[in-house]
Amino acid sequence: MGWRASTHSDKSTTTDLFEGPTPRHSLLSGRYKQSFAYLTLRTRMPGIMQQIIMRLLSDLPDLVNKYGEEVRKDVKQIVDAVERLKMALNRDRQFLLFHGAEPDKVEWNAFITEMPRPKKSFFRACWLHAECYLYRRIFSFFENSRHLQKYDCFDHLKKEDLMLSEVAMSALAKATRGLAKSFDVFSKLLRINLWGNHFEMQIGAFRFTEEDSKDDINVLVKVADIDRILLVDDTTLIWNCLVLASKSSGNRIVDFICDNGGFEFFTDMLLLEYMVDNNLATQVRLHVKAIPWYISDVTRADIEWTLDFLTGHRDECLSALGKKWTHLMNTQKIVIAPTSYFWTGPQPYFVMVESDIELYRMLTTSKLAIFKGDLNYRKLLGDFIWDSTEEFITCLRGFRPTNICAMRTVKCEVICGLSEGLADSLLKNDHNWMISGNYGVIQYTDSLKCSCALPGKDSSEKNTRMLGMVVPQSERSTLITNK
């Protein structure tokens with residue numbers, strides 16, 4: 001999901017740029033002209049800003065009907081501000097402090113003030129910092145207007161994505177009713193969730209025969225080809241983590257840090273519904289963005305609209321699903337976590353304990369935190385070019401509030417945990433493999449909070465030690481050995 005990138009921008013006055021790719025062991029940055037960061041800042045972001053302007057102007061008649069003629073002043077001021085921001089980006093200007101009604105301006109201004117001066121401009125800064133600043137600055141224009149403080153210039157894209165996915169949603173809704181509690185089913189739902197966007201396109205174009213049943217999850221899995229290019233697969237460890245947690249008494253919370261709205265969020269909910277229905281979690285907390293973010297990231301308003309859309313759908317199965325998910329929300333089996341602006345900040349996650357201690361403490365109360373999508377992955381790894389074989393747990397740099405899972409299709413140069421030689425092999429066959437979105441990872445690490453990894457344990461306990469606790473022999477039958 002997303003808007004098309006502009007293929008034209010004004011002549012740049014940027015200097016100190018390098019012709020090559022981003023060097024290893026450095027932060028992603030627009031300084032390197034062969035990087036995806038440079039491509040995004042040079043063409044994609046100006047294109048997005050231009051289409052925000054077009055969206056506002058096309059909405060102007062409806063906005064006038066809703067708010068009156070005075071809204072024209074708001075629209076003109078926002079359009080002018082976006083144009084100035086686009087020019088500042090193109091000329092590699094310095095980041096500006098926030099001086100308006102932004103609830104998080106203190107945190108942002110402290111971050112900008114503490115940045116080294118040479119890294120305070122769009123192309124010289126870390127890509128994560130520059131990109132987050134742009135999206136935050138764009139919404140600040142709306143926040144500081146008179147009538148459009150809650151205007152989401154991306155909501156139509158998220159809604160259209162869901163409405164255009166009705167065929168895939170209907171098939172999945174029918175195929176996921178009454179599924180058994182098993183590792184096989186869980187792994188299929190996890191992969192369908194990972195490849196959500198690909199799944200929607202493939203099932204929409206697939207010609208089912210009379211022998212093919214759209215109500216069979218195995219048929220849909222075959223259609224989606226969900227095992228195609230999974231570079232790291234820690235599904236076994238994730239399943240074992242949840243099974244072990246289900247043996248304990250008390251609340252077993254799973255935190256789910258969301259990515260996109262639309263069809264992807266629909267597949268998120270299918271997975272989370274399964275976890276709650278099968279006692280793999282007593283509650284799921286959804287962490288959403290406080291403001292419109294990265295075009296398609298899900299907000300509270302998007303979730304509410306999605307549930308209303310499904311509940312009122314003409315397809316009986318989708319309508320029943322919408323009602324069930326609404327019930328899960330009403331009974332707090334699935335809840336939206338309290339709003340945190342940390343998710344829309346520029347910081348990597350290893351500084352969360354210093355920047356938002358309450359959010360960090362909340363994550364420590366869960367059994368598992370699932371981080372979904374490419375941006376969450378970049379923040380977990382600090383937007384840093386690690387060796388591709390570096391262990392996932394090392395790249396987290398101490399960020400271990402709980403057991404952590406990262407699910408992500410590979411869309412930029414940040415990656416870790418690959419087997420020796422795999423990255424080189426991929427590069428030989430596909431020069432753009434790191435930005436294509438055709439490869440994925442499902443990675444896991446435990447929180448390492450216990451002292452159960454003691455010497456002298458027999459080999460049958462090795463896998464359970466990796467999960468943070470030792471399980472009695474009588475309870476190991478539901479665990480899967482990681483191969």
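Modeller: Two strands pair if DSSP finds at least two bridges between them. Strands (E, at least two residues) and helices (H or I, at least four) are DSSP runs, numbered from the N terminus. The model is a predicted one, in which local features need pLDDT of at least 70, side-chain atom pairs count only at pLDDT 80 or more, and totals for chains, interfaces and linings use all residues. Residues are numbered from 1 along each chain as its sequence is written, and side-chain values use heavy atoms, with hydrogens and water left out.

Biologist: In which sense do strand 2 and strand 3 pair?

Modeller: Strand 2 (residues 253-257) runs parallel to strand 3 (residues 283-287), and five bridges join them. Within this pair, isoleucine 253 has glutamine 283 of strand 3 as its bridge partner.

Biologist: In what order do the seven strands form the open sheet?

Modeller: The order is 1-7-6-5-2-3-4, with mixed pairing. Strand 1 (230-233) and strand 4 (334-336) have a single partner strand each, so one side of each is left without a neighbour in the sheet. On average, neighbouring strands are turned by 15° against each other, direction ignored.

Biologist: Which strands does helix 10 lie across?

Modeller: Contact means heavy atoms within 4.5 Å; axes are lines fitted to C-alpha atoms, for helices over the stretch in contact, and angles run from 0 to 180 degrees between N-to-C directions. Helix 10 (residues 235-246) lies across strands 1, 2, 5, 6 and 7, at about 40° to strand 7. Helix 15 (residues 357-364) touches strand 2 and strand 3, and makes about 150° with the direction of strand 3.

Biologist: Which residues line the largest cavity?

Modeller: On a 1 Å grid over the protein atoms alone, a cavity is a set of points where a 1.4 Å probe fits but cannot get out, and a pocket is an open set with protein on both sides within 12 Å along at least five of seven lines; lining residues have an atom within 4 Å of a point. Grid points are joined across faces, edges and corners, and a volume is the space filled by probe spheres set on the points. The largest cavity holds about 40 Å³, and its lining includes Cys258, Asp259 and Trp343.

Biologist: How much space lies in the second largest pocket?

Modeller: That pocket holds about 830 Å³. Its lining has 28 residues, with Pro21, Glu413, Leu427, Trp433 and Met434 nearest the centre. Helix 18 supplies the largest share, four residues.
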